[in-house]
Amino acid sequence: MNLGHAVRVWPGDPYPLGATWTGVGVNFALFSAHATKVELCLFDAPDASNARISIPLPEQTDMVWHAFLPDARPNQLYGYRVHGPYDPAIGHRFNPNKVVMDPYAKSVARAVRWSDEMFGYEVGHNDEDLSFDARDNAAFAPLAAVVDSAFTWGDDRPPRTPWRNTVIYEMHVRGFSKQHLGIAGHLRGTYEALTTEPALEHLKALGVTAVELMPVHHHARDRHLEEKALSNYWGYNSFGYFAPERRLAASRTPAGAVREFKRMVRALHAAGLEVILDVVYNHTAEGNHLGPTLSLKAIDNASYYRLVADNPRYYMDFTGCGNTLNMQSPQVLQLIMDSLRYWVMEMHVDGFRFDLASALARELYDVDRLGAFFDIIHQDPVLSQVKLIAEPWDLGQGGYQVGNFPVLWTEWNGKYRDSVRQFWRGDGSSSTVSELATRLAGSNDLYAHSGRQPYASINFITAHDGFTLHDLVTYNEKHNERNGEDNRDGENNNLSWNCGVEGATDDLEVRTLRERQKRNFLATLLLSQGVPMISHGDELGRTQLGNNNAYCQDNEIAWIDWNLGADGHALLEFARKLVNFRRAQPTLRRRKYFQGRSIRGGEVKDVAWLAPDGREMDDAAWHASSVRTLGMLLSGSAIEEVNERGEPITGDTLLVLLNGHPDAVPFTLPSVEEDHTWQRVFDTFDPNAANQVCQPGVRYTLQGRSVAVLKIVSPSRERRRLSDVERAARLQPAAIEG
């Protein structure tokens, strides 16, 4: 901005909020209901210790302070000083000595630099936050940058993959590629890395359809972690809901980070992959009453945060992070909705996973499934059309809300995770197998009552929070000592089993069992109704060395190791096979729940649950304390659904056999039509075994702790298919020569 003459300040407009480049200047608008004055502070550079100029915003319209600067341009750095009462006892924490970041900042030019000046009160004072800190923080405060949103999207189109065909890959942008030697060093760990051929080829070959990016909103690196030489690696500490995290960008400029994020989305879309963002709208990085002053706390604390009703000095904390955004406030709802729309319309993302989503439903004290937040999303013509995923719990009383979110929403199914883990751990309770069957069938007990279908269940075995798949079969106990909390942090009840030895071992029998257990988990996940989610690196056997809470480990503990051994390569190949098998089988991707009965008066059921003797499970079998083996027969001719053209959907009839018992179990294969037989597709006991043909009525040896999948084939058709393949192979050289 040219300051060679008096700065021109025009009234501007109260909407849109934030700093908006119009092509001829920049409009600045900031909401604050209780402020008495707002100053716009313009900085020349990220390392500037003071603002070049401070401009009082001349206009206030409907509690929005605003001005238009015709001489301002993109890349201008700025912050605000907000005047008003400092009276924590009644919920106000204004402090004009503190430069604070615009909550609508589109990019961040400087992250917070920790010092005591970043707190609105005197750190160490006997009166704690009731004291007042008069020191200036301009040299340390986070600064926003004005952004020109222009970008050439070309023919970018959202893939719009139907839920039933979706396979999600949860990933951390930095952790995914930081150690990938096939990607240029300066790009590793960045948005740009996800545009490179090695990254895209891995995702496409694996067969996933969407990447779910762990938080990419600008977030704070907690002071207490930096003092321990650690970092908030996961990023669940946002306070810039419109700004992509600069530290995940290869570009070194604020505007460059925004363009780089858009290039990433464009490249992923071109590869057929949707982009889902993990978003944290339940709390901010400003913590509790003793937390720092970064943005909302000094802009309008009483409007933005949920305060204790009879003692507003303190914050309601349903998140375990010190504060909760106030979902009763229209301004908070506007902030969240504006942010969501921005990421869809401007950044072209395809959906959102809402961290601790129950906190967003707390209009009063209890979780309210029909809260205003959900009503607004349902009525929004943009947001009602994208993928919406809830983490259906928070840390408050009554916060575990699996199955209680409304239509349009899918949910991380924690009950699915726990049920599958218990089965493969070998838990022998009479309810384990019946619970597993319910989860395999799409968890209709959780979602059908609200009018939702199987794809409402986001099925997962592991996620960023907890053990990796490798560690789930390698450790009975967490090993979080490197987090600096004496191993007190992280979940204690992991439902894991180390296969007989804690941690790494040279015992070949134990290692073989662990690899089989990994295959069992992946097979169960991809053979279940619902939407499978794979945690990044699980397909490679990634380990965190037993750390089940690696939120602060921005290092080799949390990054994927792409230097694979034989086991890693074999697991990756098996995972690819599974995902592609699922894609080819309509019986595994149903839109509707199973009926469990004969269809239209016929003899064939859409699903039947079989005991090892080949007969349907009866009550006695379901409730037997020793039952650890289950057969799931899925009819390919009884799907009772149509495709996009109204044509009936049919597929292979599949038999899925699961044995959680340590010993082999002979499983009698059910009868089939004349001139048909069973063919083994795969068996986790020996994933490289040939596709053996098995006659109906014979006893298939289902090895201990294994999954086998068979399908019905017609020998004559199979012979014709093989003959066609052989004929094509013989003709291929001639075609090349010609």
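Where does Asn75 lie? Asn75 sits in the loop between strand E6 (64-69) and E7, where helices (H or I, at least four residues) and strands (E, at least two) are DSSP runs, numbered from the N terminus. Please keep in mind that this is a predicted model, in which local features need pLDDT of at least 70, side-chain atom pairs count only at pLDDT 80 or more, and totals for chains, interfaces and linings use all residues. Residues are numbered from 1 along each chain as its sequence is written, and side-chain values use heavy atoms, with hydrogens and water left out.

**Backbone details**

- Most residues other than glycine have a negative phi, and most peptide bonds are trans.
- Asn75 has a positive phi, near 80 degrees, and is a residue other than glycine.
- Asn75 is partly exposed, with a relative accessible area of 47%; here buried means under 20% relative accessible area, exposed over 50%, and partly exposed in between (1.4 Å probe, protein chains only).
- Asp675, also a residue other than glycine, has a positive phi near 65 degrees.
- Asp675 belongs to the loop between strand E25 (665-668) and strand E26 (677-683), and Asp675 is partly exposed at 46% relative accessible area.
- The peptide bond from Tyr15 to Pro16 is cis, with omega near 0 degrees, and Pro16 is found in the segment before strand E1 (18-21).

**The nonpolar cores**

- A nonpolar core is a set of buried Ala, Val, Leu, Ile, Met, Phe, Trp, Tyr and Cys residues joined through side-chain atoms within 4.5 Å.
- The largest such core holds 177 residues, and Phe352, Phe354 and Phe373 have the most contacts inside it.
- Helix H6 (residues 330-345) gives the most to this core, with 9 residues.
- There is also a second, separate core of 18 residues, with Ala210, Trp412, Tyr447 and Ala463 among them.
- Leaving aside residues up to four places away in sequence, Phe354 touches several residues, including Val279, Leu340, Phe373, Ile377 and Trp409; contact means heavy atoms within 4.5 Å.

**Helix H5**

- Is helix H5 (residues 296-304) largely enclosed or largely open? Of its 9 residues, 8 are buried, so H5 is largely enclosed by the rest of the structure.
- The buried residues of H5 are Leu296, Lys297, Ala298, Ile299, Asp300, Asn301, Ser303 and Tyr304.
- These buried residues pack against strand E2 (26-31), E7, strand E9 (92-93) and H6.

**Two loop residues**

- Pro85 has its place in the loop between strand E7 (77-83) and strand E8 (86-87), and Pro85 is partly exposed, with 34% relative accessible area.
- Not counting residues up to four places away in sequence, Pro85 touches His34, His92, Arg93 and Phe94.
- Pro85 and His202 are 117 residues apart along the chain, and 55 Å separates their C-alpha atoms.
- Leu356 is in the loop between strand E17 (351-354) and helix H7 (372-379), and Leu356 counts as buried at 11% relative accessibility.
- Leu356 touches Asn282, Thr319, Glu391, Trp393 and Asp394, again not counting residues up to four places away in sequence.
- The C-alpha atoms of Leu356 and His283 are separated by 9.5 Å, with the two residues 73 apart along the chain.

**Cavities**

- Searching the whole structure gives 7 cavities of 30 Å³ or more; on a 1 Å grid over the protein atoms alone, a cavity is a set of points where a 1.4 Å probe fits but cannot get out, and lining residues have an atom within 4 Å of a point.
- The largest cavity contains about 100 Å³ of space, where grid points are joined across faces, edges and corners and a volume is the space filled by probe spheres set on the points.
- This largest cavity is lined by 13 residues, and the closest to its centre are Met214, His464, His536, Arg542 and Gln544.

**Cysteines**

- How many disulfides are there? The count comes to 0 disulfides, a disulfide being a pair of cysteine sulfur atoms within 2.5 Å.
- Cys552 has its sulfur 14 Å from the closest cysteine sulfur, in Cys321, which is too far for a bond.
- Cys321 is partly exposed, with a relative accessible area of 31%, whereas Cys552 counts as buried at 1% relative accessibility.

Note on methods. 1 Å grid on protein atoms, 1.4 Å probe; cavity = no way out; pocket = protein on both sides within 12 Å on 5 of 7 lines; lining within 4 Å.
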